[in-house]
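Notebook open, structure loaded. Here is what I looked up, entry by entry.

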Amino acid sequence: YSIEEQARQTAEGSGDASREAVDAAAEQLAAAGWRQRYESVLAVPQEVDPTRFEVQLTGNVIEYAAAEIAEEAFAFATNGGEPIEADTIGDASQLSSISGVASETGAAYRGLRLVFRQDRVLIDLRYVDLANRVVDQETFFALGQAVQGRAEAVLGEEFQGLSPKALRLDLGAAADSPSVRESYEVVGGSAIRLYGETAAALEARTESYAGAENAYGGTASATVAGGAGGRRAARQATPAAATGAETPIAYSLALYGFPDEGAAEDWLAELDTRLEQAQLPGILSISAAEAPTYGDESLAYELNRQIGDGTGSGYRVYVRVGAEIATVEFAATGGAPLAAVEALVNQQVECLQRGACQGEANPASLLAPETEPTE
């Protein structure tokens, strides 16, 4: 979550999701030294009823501007807990027990919570056994140590994850409540099974990564005001963009990290064959399109896809930058011009080259028609 995304979530939680409330929340977060947050939720379904979980593990990682701010946040997060004697992880840590009753099932649960600080980063891990069994403290503590090692590597710039390099959309002015999903789908060469995913779907998805060591992906859908700003090719502008009408859009992004450039080149070389065999959710048709070359090399496709209850069209571009490949797709009802996708791809290439994104893309400006200069 960026500051904008966290501010939107905070404002919605308070019951006021207006632009003014989101901006005020963002200002408060920035003034407090809050930078970004990563959240992970993993769960094990029950064998007898896969719609319910028997174990759930959640993790929150918050980065602050300085270690002193993270230290204050640690003191606040651990105030009132029931500490369990344990070795210290990172600069400061607290292991505590948690228990309660699940709101949906009324069943008792118990678990463990580990909060620790590593320099300017605060990490909060929770392991809950929804069958009310005793959680193995040694195993959970070992997990905390592994996460602490990852935090050290990231802070020491020995390891760089994919999520900071992902280009996101600025949906603060969306006409509806945006739907956004992001997650790591491959970590260390192993695909992470998604909720409700069948074994066959997992196998097909795993095959699509074909050699990537890590993969991070996300989707976003919203309704935006086309023509609200910016300039794009008038000859490709959609009717909705030309009139400033509200336009449903769909955006998806995937980042693949390969062991080396050669592996990334091989993956891209086999893309056409892979697409012929793949089942692409929501895609109604897809075909090769002519487009400039982006990054080190790229392939572009024109597509039609479902957007909510309707359909739309746009483009998908696969672009390689060194040993990393990004898949950028943007579609809109009435059609998204190639120029819009090209702008997104160029921004994503810059993110990969820098090692992080320094802003978000404005979808309304992407759909805006170009206007001729006046004298």
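For the packing entries I take contact to mean heavy atoms within 4.5 Å. Helices (H or I, at least four residues) and strands (E, at least two) are DSSP runs, numbered from the N terminus. The model is predicted, so I note that local features need pLDDT of at least 70, side-chain atom pairs count only at pLDDT 80 or more, and totals for chains, interfaces and linings use all residues. Residues are numbered from 1 along each chain as its sequence is written, and side-chain values use heavy atoms, leaving out hydrogens and water.

**Entry: helix H2**

Then I looked up burial (buried is under 20% relative accessible area, exposed over 50%, partly exposed in between, with a 1.4 Å probe and protein chains only). Ala21, Val22, Ala25, Ala26 and Leu29 of H2 are buried. They cover an arc of only 135° around the axis, so they sit on the same side of H2; the arc is that of the directions from the helix axis to the C-beta atoms. Helix H1 (3-13) and strand S1 (34-45) are among what covers them. The face turned away carries exposed Glu20, Glu27, Gln28 and Ala31. After H2 comes Gly33, with a positive phi near 85°.

**Entry: the sheet**

I traced an open sheet of eight strands, S8-S7-S9-S10-S14-S13-S12-S11, with antiparallel pairing; two strands pair if DSSP finds at least two bridges between them. S8 (190-191) and S11 (283-288) are at the edges with a single partner strand each, so one side of each lacks a neighbour in the sheet.
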